[in-house]
Amino acid sequence: MDLAALLSSAHISVHLASDSLLACEVQRRCGVRRLARQASFSFQRGERSQAMQRLGEWITDTPSTHRTLGWVIGPSQAQYFVLPWSPESVDRTLRDSYARARYEQLYESDARTAAFSFAAPAASGEQLVSCIPMALHAELQSHARASGCALSSIKPSLSAVWDRFRHVLESEQGTLGLV
């Protein structure tokens, strides 16, 4: 294997919307990143598996020595709520227990069926909690393995935006809207 192959990698980001998968691949060679390709795979409600198969074929279409895959989950697949206190003042076990109880109270569903993700606490103490179905989480992990990718993240869209723009959102007043 030559040195250029050792210094190259690719990251694929996929946005899971209610009716499509939107994918883009960014290649990195010797520290330089560039958008290599992008694609969209539409599907009807309940027919996501066919789009996932086409996405897998698209991913393996181009050879890569090291490829990572990150998922951004659209609002149709995620649920959100805010924990109303600073989690820094309690341990994670208590935070997780409270989040699961709050989830069951808000959504009237068993918390064991959801995968939870916690954003970093806000300066005011609140913490954003996002949840996706456990079955979806397992499906995305399996897809990454089958596509020969290292799974880098599974984030609901609001969490992804919060992580990316948190420094701006906390220092200004306004409303964040996801479309």
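Is isoleucine 154 buried or exposed, and what is its relative accessible area?

**Close-up 1. Isoleucine 154 in strand E8.** In this predicted model, isoleucine 154 sits in strand E8, which covers residues 150-156. Its relative accessible area comes out at 15%, and the cut-off for buried is under 20%, so isoleucine 154 is buried. Skipping neighbours within four places in sequence, you'll find isoleucine 154 in contact with Trp71, Ile73, Ile132, His137, Leu140 and Gln141.

**Close-up 2. Arginine 48 in helix H2.** Here we're looking at helix H2, residues 48-61, where arginine 48 has its place. Arginine 48 has a relative accessibility of 17%, so it counts as buried. Leave out residues up to four places away in sequence, and arginine 48 touches Leu16, Phe43, Gln77, Leu136 and Glu139.

Close-up 3. Strand E7 takes in residues 127-133, and because 6 of its 7 residues are buried, the rest of the structure largely encloses it. Strand E5 (residues 79-83) runs antiparallel to E7, and 5 bridges join the two. One to look for pairs tyrosine 80 with serine 130 in E7. Strand E6 (residues 114-118) is also antiparallel to E7, joined to it by 5 bridges. There, phenylalanine 116 has cysteine 131 of E7 as its bridge partner. When you're following side chains, keep in mind that in a regular strand they alternate between the two faces of the sheet.

Methods:
Residues are numbered from 1 along each chain as its sequence is written. This is a predicted model: local features need pLDDT of at least 70, side-chain atom pairs count only at pLDDT 80 or more; totals for chains, interfaces and linings use all residues. Side-chain values use heavy atoms; hydrogens and water are left out. Helices (H or I, at least four residues) and strands (E, at least two) are DSSP runs, numbered from the N terminus. Buried means under 20% relative accessible area, exposed over 50%, partly exposed in between (1.4 Å probe, protein chains only). Contact means heavy atoms within 4.5 Å. Two strands pair if DSSP finds at least two bridges between them.
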